[in-house]
Amino acid sequence: MSTRRALAALAIAATVVACSSTTGNESAAGDNTAVAATSAPSSSSSTTSSTTTSSTSTTTTIPPTTTTTIPGFLGEEVIGTSVEGRPIVAYHRGTAGGIPIVVVGVIHGNEDDGLAVIDLLRTMDLPAGYDLWLLPMLNPDGQAAQKRTNANGVDLNRNFPYGWGPIGQPGDSQYSGSGPASEPETQAFIAFAQRITPRLTLWYHQNAFLVLPSQRSDGPLRKKYAELTGLPYKALTGTGSTFSGIAATWVRVEVPEAMSFIIELGDDLPPDQAQIHADAVITIIQMVN
């Protein structure tokens, strides 16, 4: 786990530095702040709207950093902030105006091995024509505390508005919040996704060690990802979880023509396995058109 923790510490430090330099498991059901930034505009509408929340988001601009030496670097954005004020950063690479792809490393704070995959994708060669957005942490407070929920005790993967339902109460690991999209992290991602309208969104989780099968259009991508990484391609059973308000499902239902699925890693992800997963991402995004 030391490699994962080191990557996480670097990611948190980088986001804090970036902000200080500004101007001024799961899901069987997953299957069955508008910002100005250094990045080039995507081919999608640049107007952010959200019908799920009345909260006002803050516009933040991040000047170029040393990552500008990376080929295909298009910029960084703070798409919102967490309950405790940590920035939620999106790294933008690839072909501006190409097919938008989003990869999210952490939504459950104690399931953060996906950070190693994100770190590799930040520098790997990319195929032309793909507009890649990398979100290391949608739940930076939970990751810093090494707990599943955000700082309000809400499971962000039960807080998205599509299919939302009341689950548990504060203190429960699957507490779904006071209402749909009640959390600033959820609101930030909704506004971001509505703006860039991704064709594919990938979400890293642990520890079920599988990719769920699907009969929808993303079925071939899921199966290929499983084949490339050695993850079983099978249904998730016997978890005792309630699956509503799932992020991947919200994307798939609410974003036009979007595909979205969860990748369940195992207990740990050694560096060689992280590279296999990063290579798999590059392979399957080329199946998206």
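This is a predicted model: local features need pLDDT of at least 70, side-chain atom pairs count only at pLDDT 80 or more; totals for chains, interfaces and linings use all residues.
Which residue in S4 is the bridge partner of Gly94? The partner is Asp131.

Residues are numbered from 1 along each chain as its sequence is written, and side-chain values use heavy atoms, leaving out hydrogens and water.

**The chain**

The chain has eight helices and seven strands. Both are DSSP runs, numbered from the N terminus: helices are H or I with at least four residues, strands are E with at least two. Of the 289 residues, 54% are buried. Buried means under 20% relative accessible area, exposed over 50%, and partly exposed in between, with a 1.4 Å probe and protein chains only.

**The sheet**

Seven strands form an open sheet with mixed pairing, in the order S1-S2-S4-S3-S5-S7-S6. Strands S1 (73-81) and S6 (210-211) stand at the edges. Each has a single partner strand, so one side of each is left without a neighbour in the sheet. Two strands pair if DSSP finds at least two bridges between them.

| Strand pair | Sense | Bridges |
|---|---|---|
| S2 (residues 87-94) and S4 | antiparallel | four |
| S3 (residues 99-106) and S4 | parallel | seven |
| S6 and S7 (residues 259-265) | antiparallel | two |

Ile101 has Leu132 as its bridge partner in S4. Leu210 has Glu264 as its partner in S7. S4 is mostly covered: eight of its eight residues are buried.

**Helices on the sheet**

S3, helix H3 (residues 114-121) and S4 make a right-handed β-α-β unit. Right-handed means that, with the strands pointing away from the viewer, the path from the first strand over the helix to the second runs clockwise. H3 lies across S2, S3, S4, S5 (200-206) and S7, at about 140 degrees to S4. H7 also packs on the sheet, touching S5 and S7, and its direction makes about 165 degrees with that of S7. Angles run from 0 to 180 degrees between N-to-C directions, with axes fitted to C-alpha atoms, for helices over the stretch in contact. Contact means heavy atoms within 4.5 Å.

Why is H7 (residues 247-254) largely enclosed? Six of its eight residues are buried, so the rest of the structure largely encloses this helix. Among them are Trp250 and Arg252.

**A buried loop residue**

Asn139 sits in the loop between S4 (130-137) and helix H4 (140-145). Asn139 is buried, with a relative accessible area of 0%. A polar atom of its side chain lies 3.2 Å from the backbone oxygen of Arg148.

Note on methods. A polar contact is a pair of N or O atoms within 3.5 Å; within protein, one must be able to donate a hydrogen and the other to accept it, and residues adjacent in sequence count only if both atoms are side-chain atoms.
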